[in-house]
Each structure stands twice: as C-alpha cells, then as structure tokens.
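Hi,

Here is the structure I promised to pass on to you. Please have a look at it first, and then read my notes below.

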Amino acid sequence: MRKFLTVLLVGVFFFAGALWAKENALEIFSWWTGGGEEEGLMALFDLFHKYYPDVKIINAAVAGGAGTNAKAVLKTRMLGGNPPDSFQVHAGMELIDTYVIPGMMEPVTWILKDMNALDKFPKAILDMCSYKGEVYSIPVNVHRANVVFYNKKIAAQIGMEQPPQTWHGFVEYLKRAKEKGYVGLALGDKNKWTALHLFESLMLAELGPDAYNGLWKGKTSFNNTAIKRALEIMKEMLDYINSDHAAMTWQDAVRLVYEGKALATVMGDWAEGYLKTLGWTPGVEFGWFALPGTQDAFMVVSDTFGLPKGAPHRQNAIRWLKLIASREAQDVFNPIKGSIPARLDADKSKYDVYLRWSMNDFATKKLTPSIIHGSAAPESFSAALMDAIDEFVTTRDVDKTFKKILMIAEDNDYNVK
Ligand code: GAL
C-alpha cells in the first residue's frame, strides 16, 4: 500500500511538473522584493507583457540580498535540478564559479550576436560574464557600491558644505552629527552583507584600486597593513552608527537618512533608487559622494540574468534575455533602480543628475569588483569574510579579525605572504 501511494505521489508530481512546464509561463528569480528594487523589476515585467501579453510571469523573488537566504534558495533549486527560467546573478565569480564551471548554465553569446549587441556592452563587464570565450549572462545594469548618501538638511546644520575628502574629515562630520543628536552613519546589518559592503570599500580606500585589484590576481598580499588600517577606520566609524543596526535592513538604514534621523549611509546606489521611490530628488533633499579615499575608483556591482540548463520555459527565458539586453528595457529599468545601464548606447536624457555622475565616473575611474556582491571572489571566500566582518561589528577586535582574514585568504589560496 505504501509503495502504491509513493508511486502515485511521484506520478502526480511528474504530471504537475509536465503541466507546469507546458504552461506559457516565465519564472524569474531575484532578490528584488521591495524598497525601490521591486519597482524596477515590475517595470521590466510590464515591458515584457507589452510584447508577450499571454505569458504568465511568475515572480520568484526572495528577500534578503547578497549572501543571504535568497542565494541559498537559488542554489538549492539549481543543485536540485529545479531551476527558474532565468535568475539574477552578479557578473563575476558568483556566476562563473558557482554556476558556469559546474556546468549548470547555457552560453548566451549567440543571443547578443543575434541582436548585434556584442559591442554594445563595456568589455570589462562582458568579460566578467564570460568563461572560455562564451558569455554566460546578460548584464542589465551597473551599480556603484562605494557611495555615501546623505541628508542635505542635516549636512547644512553641521556645516558639511562640501563632501569630505579624507576619512578624518568624514569622521569629523559624523562626530558633529552625533553631538547634535543625530545618528552619524546609518547601518542596517540584519542581513550581514551590509557590514562587509562597508568594509570592502574601506579596504579599497586604504589599498587603492590597483592593489585592491591585485588581491584577486595574487599580486597583492592580504598580509597588508592597509587592510589592518581599514579595520581600524571601520572601528572608528562604528562609534557613530545607530544602536538598533542589527534589527535593520539596508532600506531601514536609508530611511533613517530620509526621516532626518541620520546624516549619512554608505550603500550601493540601489539606495538612490529607494530614495527616489520615497519621493526625494537627487541633489535636492539628498546628496552623495564617493567614499573618501575611493574617489578614483568605481566599485562595480553588475546584475545580470542567465539561462540555466533545463529552464522549464526556455523559449520565454530567451525572450526575457533578449528584452533585458535591449536598450529600451535598460532605459526603463535603470532610472528606477538607481543604476546605470550596462549598454553603452543608452539615452542619457532619461537619467537623473546622480546617475549621470555615476555614468561619467564609470567611464573614467578605475573599476574594482565588489567582494560581497559576488564579483571579485568565490562564495567560499566572500561568505567567510562576511561572517568575520559581521563578528567584528560586535567584537571590534582589530587584531583578531585581521588574523581571521588572513586565514580565510589562505584557505582560498590567495596571497598571504
Ligand atoms: C545587490 C544587487 C543590487 C541590489 C542590492 C540590495 O547585490 O546587485 O541590485 O539589489 O543587492 O538588494
């Protein structure tokens, strides 16, 4: 009887699976679930529906973001042979190391060739999406990670007329904000990645872009006083964060700035998208600057979508990929998302003053891949570093954390000489 029931159940599952695959659907996985990000995704879905009104879009978004539950859910699905039709994945190691090398992805070079679009994307970004001569995902945007967003009203009250050029200058303003009863630096590390988000930019500030990039090629040693200094600066910054940071998401931290409770937050420019959906205008209520010390660099975070092998609705997945590769879709999505288009031929008039600043910096500054946003290093490294920095927020023990970083680097075969 038991055996019969099992056979029956398996049969039902297969039948449901077959029906599901036959359905004219498109399942898209991402971690864009709210706070400015969902709006961008919905704009892409609307555009897709304009061209393919009969396709049922299944939004399989899972909240959390980099290094959290969302990625674990995706990985389990991929490993279990239950892929979505297409999914958000960062250009770089997150794509290549996690999914391409293990053989789970189809190349998509032909899609870009068909569209005559291979030369419409920056080479640096396409290289990050490529392995052994094939492109494996379509970049929809480029975010910048090393940005400070601040409340202009509070800045005026504390005399921050110009963006600070150095850490000392920045800390001085955080101090003044605190003295006036504000939070200096808003942090929301309920999802642990935000602490490493801050730290990796501090590493960039202290190492400089060339040495930072050298870490991933074995040219720069992790056994580096600049990394220790980055920890020391972070320790200093932590004196000015909100006490409830561990209960907050990055959106909650941005809201502290928006509500006039905090001077600034260090966040990728998805925060710009969020502030705009809250009703603020860049340059009016909020200002921004590259993190002091990182003015010459652009910490790259590029969201891309790939084609998993065995996508249940492959034809619709290809339609989706073609759509997001188009100039039209990129110009609809990015002004909302707070990112610049990955395509080089975008219509600049559609982008606000912040995004034009970012476009200009992207074209002229040194590009550096983000660790926590999946580009620079494999997940084994970024996940371990994320835990170490998360712990550091509590312990604030520079020596112990530095030793741990060296161990993690060594475990991942990076240079620690
Ligand atoms: C990043 C992603 C961005 C944004 C952010 C916060 O990893 O690239 O698009 O979604 O997380 O959720």
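You will find glycine 159 in the loop between helix 7 (152-157) and helix 8 (167-179). Helices here are DSSP runs of H or I with at least four residues, strands are runs of E with at least two, and both are numbered from the N terminus. Leaving aside residues up to four places away in sequence, glycine 159 touches Tyr173 and Arg176, where contact means heavy atoms within 4.5 Å. Glycine 306 is 147 residues away along the chain, and the C-alpha atoms of glycine 159 and glycine 306 are separated by 47 Å.

A word on the source before we go on. This is a predicted model, in which local features need pLDDT of at least 70 and side-chain atom pairs count only at pLDDT 80 or more, while totals for chains, interfaces and linings use all residues. Residues are numbered from 1 along each chain as its sequence is written, and side-chain values use heavy atoms, with hydrogens and water left out.

Now the protein as a whole. The protein has 18 helices and 16 strands. Its radius of gyration is 22 Å, close to the 22 Å that the globule rule gives for 417 residues, so the protein is as compact as a globular protein of that length. (The radius is taken over C-alpha atoms, and the rule is 2.2 Å times the number of residues to the power 0.38.) The C-alpha trace spans about 70 × 45 × 45 Å along its principal axes. Of the 417 residues, 58% count as buried. Among contacts between residues at least 6 apart in sequence, 77% join residues at least 24 apart.

Four strands form an open sheet with the order 15-8-13-16 and mixed pairing; two strands pair if DSSP finds at least two bridges between them. Strand 15 (340-341) and strand 16 (366-369) stand at the edges with a single partner strand each, so one side of each is left without a neighbour in the sheet. Strand 8 (residues 141-144) and strand 15 run antiparallel and are joined by two bridges. Asparagine 141 has proline 341 in strand 15 as its bridge partner.

Helix 13 (residues 270-277) is mostly covered, with six of its eight residues buried. Those buried residues are Trp270, Ala271, Glu272, Gly273, Tyr274 and Leu275. Just after helix 13 comes glycine 279, with a positive phi of about 110 degrees.

Which residues other than glycine take a positive phi? One of them is arginine 396, with phi near 55 degrees. Arginine 396 sits in the loop between helix 17 (379-395) and helix 18 (398-411), and with a relative accessible area of 25% it is partly exposed. Aspartate 413 also is not a glycine, yet has a positive phi of about 65 degrees. Aspartate 413 lies in the segment after helix 18 and counts as exposed, at 70% relative accessibility.

Technical notes. Buried < 20%, exposed > 50% of the residue type's maximum accessible area, 1.4 Å probe, protein only.
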